[in-house]
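Hi everyone, thanks for making time this morning.

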Amino acid sequence: MFRIVATALRSSSRSLVAANVSRTVAVPGRLMSSHSTESDEEFDNRYEAYFNRPDIDGWEIRQGMNDLAGMDLVPEPKILIAAMKACRRVNDYPLAVRILETVKFKCGNKVEEIYPYILQEIQPTLDELGIDTPEALGYDKPELALVDPDYIH
């Protein structure tokens, strides 16, 4: 009895699906958003306001920096200053150092030009907040690097 009902349902559902498939037309569409008309100054102000929120937490700081790291840009110093102050407000020193590491990485092959400028601009804030750079902490060198035995004198 069950087999007869299942067979009848299967054959009727096949005919319904076949009828609907012939009427369904695939329309290729672009799901990309239109280009933003936001200026650089508005962009900087938006992220600065995001990091200056008094109720921001560590997860939101990470989210904001992750969004910035995913873009093809190096954040402006005023955005980084706001992010450093947000890290201090939530008392997350490692996050502040990690942000500086990310900024250095985002400089790419122009690290010798961009990163010193960024540090020059945010150094007073780093000093005020007591945040060291990754270089001052020794994070720019491998921790367990061994001396090359061919060059030992």
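**A first look at the fold**

What you see here has seven helices and zero strands. Please keep in mind that this is a predicted model. If you start at the N terminus and follow the chain, the elements read α-α-α-α-α-α-α.

Now for the protein as a whole. How much of it is buried? Of the 153 residues, 24% are buried. The protein exposes about 11500 Å², and 56% of that comes from carbon and sulfur atoms. As for contacts, take those between residues at least 6 apart in sequence: 67% of them join residues at least 24 apart.

Let's zoom in on one pair of helices. Two packed helices are described by the angle between their axes and the distance between the axes. Our pair is helix 5, residues 93–106, and helix 6, residues 111–129. They pack at an angle of about 155°, and their axes are 9 Å apart. Because angles over 145 degrees count as roughly antiparallel, helix 5 is roughly antiparallel to helix 6. Their crossing is right-handed.

Which residues make this contact? From helix 5 we have Leu100, Val103 and Lys104. Helix 6 brings Val111, Tyr115, Ile118, Ile122 and Leu126. And what kind of residues are these? Seven of the residues in the contact between helix 5 and helix 6 are nonpolar, none are polar and one is charged.

That's my tour for today, and I'm happy to go back to any part of it on the screen.

Key
Residues are numbered from 1 along each chain as its sequence is written. This is a predicted model: local features need pLDDT of at least 70, side-chain atom pairs count only at pLDDT 80 or more; totals for chains, interfaces and linings use all residues. Side-chain values use heavy atoms; hydrogens and water are left out. Helices (H or I, at least four residues) and strands (E, at least two) are DSSP runs, numbered from the N terminus. Buried means under 20% relative accessible area, exposed over 50%, partly exposed in between (1.4 Å probe, protein chains only). Contact means heavy atoms within 4.5 Å. Accessible areas come from the Shrake-Rupley method with a 1.4 Å probe; for residues, only the protein chains shown count as cover. Axes are lines fitted to C-alpha atoms, for helices over the stretch in contact, and angles run from 0 to 180 degrees between N-to-C directions. Angles under 35 degrees count as roughly parallel, over 145 as roughly antiparallel, 65 to 115 as roughly perpendicular and the rest as oblique. A crossing is left-handed if the near helix is turned anticlockwise from the far one by less than a right angle, and right-handed if clockwise. Ala, Val, Leu, Ile, Met, Phe, Trp, Tyr, Cys and Pro count as nonpolar, Asp, Glu, Lys and Arg as charged, and the others, Gly among them, as polar.
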